[in-house]
Amino acid sequence: MNVLVSGGAGYVGSHAARMLANAGHEVWAYDNLVFGHRGAVAPGRLIEGDLLDRPKLEAALKAHKIDAVMHFAAFAYVGESVTDPGKYYHNNVVGTLSLMDAMRAVGVRRIVFSSTCATYGEPESVPIRESQAQNPINPYGYTKLVIERALADYAKAYKWGYAALRYFNASGASADGDLGEDHDPETHLIPLVLQVALGQREHITIFGDKLPTPDGTCIRDYIHVDDLASAHISALERLEPGTEFKCNLGTGQGTSVKEVVDACRRITGHAIPAVIAGPRAGDPPALVADASLARRELGWTPRFTSIAPIVESAWRWHQKHPNGYGD
């Protein structure tokens with residue numbers, strides 16, 4: 001299958017693109033490199049372009065005879081989405097609609113969409129099931145929900161096959177240490193903790209230690225980036241015009257902030273000083289997926305189900321690339 005991976009130079013997109021290629025698909029990454037990295041893409045497979053450039057999108061889809069799209073490209077900083085919602089609606093919503101209309105113009109009718117658990121907002125119960133109401137509490141989550149709704153409407157009207165995969169905390173790195181997390185600014189917990197071990201930060205800040213959780217710190221469902229990529233491929237290979245999948249992607253296992261820090265200490269051999277601060281507003285105490293639907297519908301099972309091997313893979317990447325991709 002010929003696959004265009006939008007955001008294919010980014011964190012999850014680059015892992016998915018490589019896994020697709022290893023599975024025998026022909027893959028091209030489409031990325032404007034605002035947050036992506038040229039070094040994360042296989043030589044000769046990067047199309048540098050913006051989602052809002054409709055003619056370039058159509059030309060790429062036609063030139064490479066694309067059969068399906070994996071769509072990862074999006075702005076994803078929750079705090080920034082609150083202070084600058086226009087930026088997020090323009091890029092995440094208008095940009096994605098530009099991609100979808102380019103697909104429609106050239107007859108591409110399969111898409112796997114990178115969605116998020118942020119579409120649920122404050123969870124009604126934990127673990128979170130797909131049947132829970134989707135009530136986002138920030139513009140980032142709402143932009144993803146808007147696209148989920150648009151995909152459902154396009155699928156019905158134009159006979160598309162689509163998957164909206166709502167994943168939890170993407171983490172880890174490729175086994176060989178060649179692909180990993182390189183964000184600027186970095187906001188994800190594991191790389192922030194490992195930056196302390198590398199001497200790039202003095203300490204890690206833990207936001208809240210008196211929450212209603214076993215050790216008082218936030219609990220999250222950390223899912224390895226390669227497990228996310230494999231789920232996207234499982235969805236892609238099951239897509240036919242008229243089919244839809246809307247699934248959570250997670251391990252179903254919650255890990256607290258203190259447990260992540262302790263795992264990093266054990267694996268790196270560094271003390272990793274921690275400073276306790278007040279809890280952040282709007283930060284739910286626990287977010288854990290019920291991913292049984294994805295296991296059932298996609299035949300997908302995550303390989304990484306505990307925090308230690310996830311941290312080990314991330315540490316391998318950060319040791320090999322202390323300055324990220326260097327671009």
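The C-alpha centres of domain 1 and domain 2 lie 24 Å apart in this predicted model, in which domain 1 comprises 2–171 + 222–249 and domain 2 comprises 189–220 + 252–320, the bounds being those of an automatic or database domain assignment. Residues are numbered from 1 along each chain as its sequence is written, and local features need pLDDT of at least 70, side-chain atom pairs counting only at pLDDT 80 or more, whereas totals for chains, interfaces and linings use all residues. Side-chain values rest on heavy atoms, with hydrogens and water left out.

The size of an interface is often given as the accessible area lost when the parts come together. Expressed as buried area (the accessible area, with a 1.4 Å probe, that two parts lose on being put together, summed over both), domain 1 and domain 2 bury about 2,200 Å² between them, 66% of it on carbon and sulfur atoms. Of the area that domain 1 buries against domain 2, 32% is supplied by Tyr-222, His-224 and Asp-227, more than by any other three residues.

Side chains of opposite charge can pair when their charged atoms come close. With a salt bridge taken as a side-chain nitrogen of Lys or Arg within 4 Å of a carboxyl oxygen of Asp or Glu, a search of the whole structure finds 13 salt bridges, and across the interface of domain 1 and domain 2 the rule finds one. The side chains of Arg-129 and Asp-290 meet in a salt bridge, with an N to O distance of 3.1 Å. This pair links distant parts of the chain, 161 residues apart, with Arg-129 in the loop between β5 (110–116) and α5 and Asp-290 in the loop between β14 (286–287) and α9 (292–298); here helices (H or I, at least four residues) and strands (E, at least two) are DSSP runs, numbered from the N terminus.

The loop between β5 and α5 also holds Pro-127, and the peptide bond from Val-126 to Pro-127 is cis, with omega near 5°. A cis peptide bond likewise joins Asp-184 and Pro-185, with omega about 5°, and Pro-185 is placed in the loop between β7 (169–171) and α6 (189–197). In the loop between α2 (54–63) and β4 (68–71), Lys-65 has a phi near 50°, a positive value in a residue other than glycine.

Grid points are joined across faces, edges and corners, and a volume is the space filled by probe spheres set on the points.

The search of the whole structure finds one cavity of 30 Å³ or more, and the largest cavity has a volume of about 30 Å³. Its lining is formed by His-71, Ala-73, Ala-74, Asn-92, Thr-96, Phe-113, Thr-143, Lys-144 and Ile-147. At least two lining residues come from each of α4 (85–106) and α5 (139–158), and α5 gives the largest share, three residues. With Ala, Val, Leu, Ile, Met, Phe, Trp, Tyr, Cys and Pro counted as nonpolar, Asp, Glu, Lys and Arg as charged, and the others, Gly among them, as polar, this lining divides into four nonpolar, four polar and one charged.

The second largest pocket has a volume of about 260 Å³ and is lined by 16 residues, of which Ala-17, Arg-18, Ala-40, Val-41 and Ala-42 lie nearest its centre.

Conventions: 1 Å grid on protein atoms, 1.4 Å probe; cavity = no way out; pocket = protein on both sides within 12 Å on 5 of 7 lines; lining within 4 Å.
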